[in-house]
Amino acid sequence: MSEHQEEFAIRVRDLVVGFGRQTVLDHLSLDVRRGEILGLVGASGGGKSVLMRTIIGLIPRRGGTIEVMGEPIGGRTRGAATAWGILFQQGALFSSLTVRQNVQFPLRENLVLSPELMDEIAIAKLEMVGLRAQDADKYPAELSGGMTKRVALARALALDPPILFLDEPTSGLDPIAAGDFDALIRTLQKTLGLTVFMVTHDLASLTTVCDRVAALADGKIVAIGPMRELLQSEHPWVRAYFHGKRSQMLQHEMR
Amino acid sequence: MNTEPLLLATSSGDALKLRPEGPWTAANVATLETLSRSVGAEVDRSRVVTLDMSGISALDTLGAWVLEKLSRRAASSGRSAEFIGVADHFSGLMDEVRQVNRHTPPPAAAPNPVLLRLGDLGKSTVGAREDITIFLQMLGALFMAVVGVLRRPQTLRLTSLVYQLYRIGWQAIPIVALITFLIGAIIAQQGFFHFRRFGAESYTVDMVGILVLRELGVLIVAIMVAGRSGSAYTAELGSMKMREEIDALSTMGLDPVDVLILPRVAALVIALPILAFIGSIAALYGGGLVAQFYGDMGPAIYIARLHEAISVTHFEVGILKAPFMALVIGIVACSEGLRVKGSAESLGRQTTTSVVKSIFLVIVLDGLFAIFFASIGM
């Protein structure tokens, strides 16, 4: 893409987010470089999704600043659909629309294009995420969990946004599909200079596709860096996460 | 980023060279479509088409697809097309796009509209039979649940029953009383206004008393309860069904009818007669106020007239209908709730169906009761 650009796609400084008396994110700072795939790990209920939703603007923050593509984010931002695509954990497909209409929805709302091209783009996106054209006229209620996820990805990618947020993208996919999915994210990331912010527990994804991994514990980023560095980290939670029985087994297999 | 996208075409003999330039991205889609359409005729004429991609500054799936579509058009019927100068960082995307839209299924043939209507009619006919079956099944299941509770009274979900009674009985009292009060007042006002013309004002009290106690009190309250509590039942059970809570209950060896439906329907059957009574009294009170301030009839006369006009029979006729109406509302609301499928839309649809159907059935039931009571002389 073009020359003089910000080095960082997302910059989070001193972010504080809480509900009631509980503070979930406590002066958290995080930089996501342009064109990288950043994996975010953290304990369940530890604020990973909260961080993602705060960056997107769904949750109000108590303090701190967030910049996306060099632009500060304040509350709800207009035109956000073209800035990022989001894959929600449960897919969040519109249940009254068919798969095709779901994928076309961002196109229809943001661009002016012929119905024919819109159909072709929708099918193209669906095939890119590993679905067949025959699935296009199904309703979300008729889809399996894995298919729902793929349709949601197709919809998130409909406008080829520069930033893609993924909330546990590979959960619910079988290992083969998850692998394909990781490869697809890689392809898109390479071709479009896409920045991917991925909340995940899938150690295979973390190892194979993530350029860097950030670990969230106690409301802060306690470690960030390539997977190799995180494995060396001395932080007790990070050690427990990557050197637990399950993780050890997987890493052993991968070596 | 920078300028508008361009598409330069240079033809030599039957060879055509296309050179797209600038940002071929979704933001410029209108221009892209125009550009690709403008070279369409030339592409069809040429035998060899070369797409020189070296001038492209930005490319996304949409832009890549528009170019790929051009190349497919060029490559059809034995001619050839190729991409040259594809930058490294675009090659992955171009490869991806080459794979898609290869197997488009033939569009489904549009069905005959007449057949479609006939089909709908047939479906709804069969559907009506299914509705009746479901109603009877639910009635049977409830009966069995009641038998089970009678055999072992400790299995009654008392907490749930009391909670439902609180929600649909106690909390409904203010609105039920307000609306029936207004209805009673309106009927009395109409009676005084129209009966005054032939000097039959005093019969207004007869009309208010009989109408409210026999028909309107219970009917209005039943319709309100169908709208207020029936819809709540359907939505609750429906969302529980959507989130597999009902399946979870079944797998734990519990019968959803015992746990969820019986307390709800029982609460309705208990609460509706009470609400109907409160509603009737509120309506009579409303009538009385109108008699005093509009009909110049003091409370003492109003009560005395009422005493002459109505008997316990009128009250019995009204209140006897209430539990049956409650049963119908409860069964319809719960069975519609269980028919909710996975989507939010279906939840909305079943809730609407539940309210419409239960109000319809309540009115039909009221009509049947009217015939019945007339024929036994009550």
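Visitor: At what angle do the axes of helix α12 and helix α13 of chain B cross, and within what distance do they come?

Guide: Bear in mind that this is a predicted model. In chain B, the axes of α12 (residues 312-338) and α13 (residues 344-375) come within 9 Å and cross at roughly 155°. Angles over 145 degrees count as roughly antiparallel, and therefore α12(B) is roughly antiparallel to α13(B). The crossing itself is right-handed.

Visitor: Which residues make that contact, and into what classes do they divide?

Guide: On the α12(B) side they include Phe324(B), Val328(B) and Val332(B), while α13(B) contributes, among them, Leu361(B), Leu365(B) and Phe369(B). By class, the contact of α12(B) with α13(B) divides into twelve nonpolar, five polar and four charged residues.

Visitor: How do helix α3 and helix α4 of chain B pack?

Guide: Helix α3 (residues 61-75) of chain B packs against helix α4 (residues 88-99) of chain B at an angle of about 60°, their axes being 9 Å apart, which makes α3(B) oblique to α4(B). Here α3(B) supplies Thr61(B), Ala64(B), Trp65(B) and Glu68(B), whereas α4(B) supplies Leu93(B), Met94(B), Val97(B) and Arg98(B); this contact has five nonpolar, one polar and two charged residues.

Visitor: How many residues of chain A are in contact with chain B, and which helix of chain A gives the most?

Guide: There are 27 residues of chain A in contact with 28 residues of chain B. On the chain A side, α4 (115-128) and α6 (175-192) each supply at least two residues, and α4(A) gives the most, with eight. The residues on that side of chain A divide into 15 nonpolar, seven polar and five charged.

How values were computed. Residues numbered from 1 in each chain as written. Chains lettered and ligands numbered in written order. Predicted model: local features only at pLDDT ≥ 70, side-chain atom pairs only at ≥ 80, totals over all residues. Contact = placed C-beta atoms within 7 Å. Helix = DSSP H or I, 4+ residues; strand = E, 2+ residues; numbered from the N terminus. Nonpolar A, V, L, I, M, F, W, Y, C, P; charged D, E, K, R; others polar. Axes fitted to C-alpha atoms, helices over the stretch in contact; angles between N-to-C directions. Parallel < 35°, antiparallel > 145°, perpendicular 65-115°, else oblique. Left-handed = near helix turned anticlockwise from the far one by under 90°.
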